[in-house]
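Here's a quick walk through one protein model, written for someone who likes to know the cut-offs. Have a look at the sequence and the structure first.

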Amino acid sequence: MARKRKLDLDKYKQKLEKKRTEIADTIKRLEGESSGRDRLSREVVQQDFEGGGDAALQAMARNQSAAMIGNLRDMLISIDEALQKIEDGTYGVCEVCGKNIPQKRLDALPEATMCTKCRTKVGPR
Ligand SMILES: [Zn+2]
């Protein structure tokens, strides 16, 4: 078990909630931009990809935003997990090795649930 340390949980909670709102807004915006056009864009990519025309570029941008939405959703999940950990009193503890996650890392990435070492081992989710 990790040694108890005093973290400014309110600060991280605020950071997480702010980030959560921003990400939710971004998802909404991206979904609005790409809604109803996904199927079309995929067809355009197939027809037009080699030509590298504007349609292909636009379609690529749309596919990118779909990938981005996926990433953002993952981030939302991580943020929710971190917020839950704050409630549970386990925030800031690596869920793999049980050691404290360095405060510097939490400042940069408040949704981190693993220390850098374990994160590298597990790889991106
Ligand atoms: Zn760890």
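## Layout and confidence

In what order do the elements of the protein run from the N terminus on? They go α-α-α-α-α, which comes to 5 helices and 0 strands. Helices here are DSSP runs of H or I with at least four residues, strands are runs of E with at least two, and the numbering starts at the N terminus.

Keep in mind that this is a predicted model: local features need pLDDT of at least 70, side-chain atom pairs count only at pLDDT 80 or more, and totals for chains, interfaces and linings use all residues. Residues are numbered from 1 along each chain as its sequence is written. As for pLDDT (the predictor's confidence in each residue, from 0 to 100), the protein has a mean of 85, with 79% of its residues at 70 or more.

## Burial and the core

Of the 125 residues, 13% count as buried. Buried means 20 or more other C-beta atoms within 10 Å of the residue's own, exposed means 12 or fewer, and partly exposed is in between, with C-beta atoms placed from the backbone.

The largest nonpolar core has 10 residues, among them Tyr-12, Leu-16, Ala-82, Tyr-91 and Ala-112. Such a core is a set of buried Ala, Val, Leu, Ile, Met, Phe, Trp, Tyr and Cys residues joined through C-beta atoms within 7 Å. Leaving aside neighbours within four places in sequence, Ala-112 is in contact (C-beta atoms, placed from the backbone, within 7 Å) with Ile-101, Arg-105 and Leu-106. Among contacts between residues at least 6 apart in sequence, 61% join residues at least 24 apart.

## Along helix H3

Helix H3 (residues 54-88) has 35 residues and reaches 51 Å from its first C-alpha to its last, close to the 51 Å expected; the expected span is 1.5 Å times one less than the number of residues. Ala-59, Arg-62 and Ala-82 are buried in H3. Just after the helix, Gly-89 takes a positive phi of about 80°.

Ile-86 also lies in H3, and counts as partly exposed because 18 other C-beta atoms sit within 10 Å. Not counting residues up to four places away in sequence, Ile-86 touches Leu-9, Tyr-12, Lys-13 and Tyr-91. Ile-86 and Lys-13 are 73 residues apart in sequence, yet 7.4 Å apart in space, C-alpha to C-alpha.

Note on methods:
Contact = placed C-beta atoms within 7 Å.
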